[in-house]
Amino acid sequence: MIEFRQVTKRYDSDHTALRHVNFHLDRGELAFLTGHSGAGKSTLLKLVMVMERPTAGEVIVGGQKLNSLPRRQIPYIRRHIGVVFQNHQLLFDRTVFDNVAMPLEVMGASPEDTGRRVRAALDKVGLLSKEKMNPMQLSGGEQQRVGIARAVVNKPPVLLADEPTGNLDPELSADIMHLFTQFSQVGVTVLVATHDIALIHAMNRRTLTLNQGELVAGGGVSGH
Amino acid sequence: MATDSRQKPDGQRGANRARSVMGDQARSYLGHHRKVARDSMQRLWASPVASAMTWAVMGVALALPVALLLLLSSLQGVSAGWESTARITAYLDLDLPLSDARNVAREIGADGRVMTVQLVERDQALEEFRASSGLNEALDFLEENPLPHTLLVTPEDGARSADGVQALVTFVEKLRGVDQVQVDLGWLQRLNAMTDILARAVWALALLLGGAVILVIGNTVRLAIESRRDEILVAKLVGGTDAFVRRPFLYTGAWFGLGGGIVAWLLIQISLWWLSGPIERLAGLYRSEFTLQGPGVDGALALIIVAMLLGWLGAWVAVKRHLDDIEPGDIAGG
Ligand SMILES: Nc1ncnc2c1ncn2[C@@H]1O[C@H](COP(=O)(O)OP(=O)(O)O)[C@@H](O)[C@H]1O
Ligand SMILES: [Mg+2]
């Protein structure tokens, strides 16, 4: 589902964020991406989202080579990728419902369809009763779950998360990891960037480890 | 027969379903436009003072050239009205006998461009002059009548343009026995030249102010874009196309245009109402048919549509310059 072939990403002139990265994630696989701060985790996720373009090598998502993708096609790729960030990127000028509805709105879904799917996603993360609230009224863990609901509301085949448990306590982190596991069980490819070693140990899943932009572990064939 | 009757509704149902899917898409697309249009209008209402200022600036900038254009077309109406009363006066040679004068009159009257020719005999002219000038006694000292026979020529409708009258004058001047030809064409030409210059000046002004309107709206929309940066980032992140992200701002520009157009129309109507009394009096003094024409319904509609287009264009400029730059690359965190 996600494939990197000899991917190098150089910012500016000399700073290399990723070096010759190779790996392949299958459909329905849940993997962690770890490494020290500045190792290149966020850069790798941005390449999948086409927020950045690789300097060399090939990024392939869902069989589509992203290198040759024209600019105006980028939005259609992003509709197939859900993303969750540490800073939840929720909009505080609208309700929880309207936040979660955004991916459907950009696709031009009908109001009935939107209502049904937003409620399904909110139900999944256990926030159905808070759809009319402003995200500002929610706790950090709840906000993160709203972000997850938004990421999965249009049932994307790929889900990326960048430090999704960064400032949550272990119990809430475990809840969120449980959600990610459930998504992978229904066929979603999930890649979670985190430096929370305890969490990774607890989950016991495939782990891609970056060090100074090089993939030093987990790049081989998946453990399945 | 049974199969027939079953197949037919089936086929129809399939077609209906296909059509209703397309219909759903079109409906939700239109619904989205309606929602965005309503939202961006509500945002303008939500900050009434700022919006009203923009409308006022735009209204003034639009009202000025439009008012001048209206004045211009009224002036052109005046010169057209004047042409309809244009008359050529031909003074014949002083020593021309009356019979020859009659021949010249007939010759001019035979021309297709001439409606009527009136011969004023020199004795008759002197009598009229005597009566109207009050120089009765002074004229008695003259040994001879100083006035020539005079022809008053009224052109046909078709020859009443400035050029037509000029051609007729040239024709009459060249006739034997004609000494001098006079026409108030000089005035006509001056008025026409003035309206020509004025027209160019007004169009130049209209272009300049139109440009200013585009810049003002562009700047206002730029601020709107800045204040909605987060929303734009998220929309792009979840797969919003450029068209989707631009749409609210283009509507915002169009709504600014609508408000500006309405303000411009109000300003023009108020000015017309305010000026109508004095202009009527002035026109009365000159026995002129001059009236200041309002824009009318068509003109008002055209004004508002042009204003909306300008607003939309201003928004487009801002969107092109500032919105496409906003890329979600920097929000993922490090
Ligand atoms: N937009 C950018 N321009 C220049 N350098 C960048 C940019 N984004 C990240 N980097 C650099 O690339 C390296 C990898 O960054 P990042 O992928 O954010 O690491 P991580 O997410 O693992 O902490 C860092 O050294 C960072 O300074
Ligand atoms: Mg990072």
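## Helix 3 of chain A

In this predicted model, helix 3 of chain A is mostly covered, with 9 of its 12 residues buried. Those buried residues are A:Val96, A:Phe97, A:Asn99, A:Val100, A:Ala101, A:Met102, A:Pro103, A:Leu104 and A:Val106. Their packing partners come from both chains, namely helix 4 and helix 5 of chain A together with helix 8 and helix 9 of chain B. After helix 3 of chain A comes A:Gly108, which has a positive phi near 75 degrees.

## Helix 5 of chain A

Helix 5 of chain A, spanning residues 140–152, contains 13 residues and reaches 19 Å from its first C-alpha to its last, which is close to the 18 Å expected at 1.5 Å a residue. This helix is likewise described as mostly covered, since 11 of its 13 residues are buried. The buried set consists of A:Gly141, A:Glu142, A:Gln143, A:Gln144, A:Val146, A:Gly147, A:Ile148, A:Ala149, A:Arg150, A:Ala151 and A:Val152.

The cover over these residues of helix 5 includes, within chain A, strand 6 (81–85), helix 3 (96–107), helix 4 (111–124), strand 7 (158–162) and helix 6 (170–185), and it also includes helix 8 (229–237) of chain B.

A:Asn154 is placed in the loop between helix 5 and strand 7 of chain A. A:Asn154 counts as buried because its relative accessible area is 11%, where the cut-off for buried is under 20%. A polar atom of the A:Asn154 side chain lies 3.0 Å from the backbone oxygen of A:Arg79. Leaving aside residues up to four places away in sequence, A:Asn154 touches A:Arg79, A:Pro103, A:Leu104, A:Met107 and A:Arg117; of these, A:Pro103 and A:Leu104 are among the buried residues of helix 3 of chain A.

In soluble globular proteins, nonpolar side chains tend to be buried together. The largest nonpolar core in this model has 39 residues, and the members that touch the most other members are B:Leu62, B:Val213, B:Val221, B:Ile225, B:Ile232, B:Phe249 and B:Leu323. At least two residues of this core are supplied by each of helix 3 of chain A and, from chain B, helix 1 (2–46), helix 2 (48–83), helix 7 (185–227), helix 8, helix 9 (242–285) and helix 10 (296–323). Helix 9 of chain B gives the largest share of this core, 9 residues.

B:Ile225 touches B:Ile232, B:Phe249, B:Ala318, B:Val319, B:His322, B:Leu323 and B:Ile326, when residues up to four places away in sequence are not counted. A second, separate core has 34 residues, and among them are A:Leu127, A:Val146, A:Ile148 and A:Ala151.

## Chain B as a whole

Chain B has 10 helices and 4 strands, and from the N terminus on its elements run α-α-β-α-β-α-α-β-α-β-α-α-α-α. Buried residues make up 38% of the 334 residues in this chain, while its accessible surface comes to about 19700 Å², with 61% of that area belonging to carbon and sulfur atoms. Among the contacts in chain B with a separation of 6 or more, 83% are between residues 24 or more positions apart.

One such pairing across the sequence can be described by distance: B:Val57 and B:Val213 are 156 residues apart in sequence, yet 8.1 Å apart in space, C-alpha to C-alpha. B:Val57 lies in helix 2 of chain B and is partly exposed, with a relative accessible area of 44%, whereas B:Val213 belongs to the largest nonpolar core. The domain assignment divides chain B into domain 1 (34–81 + 190–328) and domain 2 (87–184), and the centres of these two domains, taken over C-alpha atoms, are separated by 54 Å.

## Positive phi outside glycine

Two residues of chain A have a positive phi without being glycine. A:His20, in strand 2 (residues 15–25) of chain A, has a positive phi of about 40 degrees, and A:His20 is exposed, with a relative accessible area of 55%. A:Asn204 has a positive phi near 55 degrees and lies in the loop between helix 7 (197–203) and strand 9 (206–211) of chain A. A:Asn204 counts as exposed because its relative accessibility is 67%, the cut-off for exposed being over 50%.

How values were computed
Residues numbered from 1 in each chain as written. Chains lettered and ligands numbered in written order. Predicted model: local features only at pLDDT ≥ 70, side-chain atom pairs only at ≥ 80, totals over all residues. Heavy atoms only, no water. Buried < 20%, exposed > 50% of the residue type's maximum accessible area, 1.4 Å probe, protein only. Contact = heavy atoms within 4.5 Å. Areas by Shrake-Rupley, 256 points an atom, 1.4 Å probe, with all protein chains shown as cover. Expected span 1.5 Å × (residues − 1). Core = buried A, V, L, I, M, F, W, Y, C linked by side-chain atoms within 4.5 Å. Domains from an automatic or database assignment. Polar contact = N/O pair within 3.5 Å; in protein donor to acceptor, adjacent residues only side chain to side chain.
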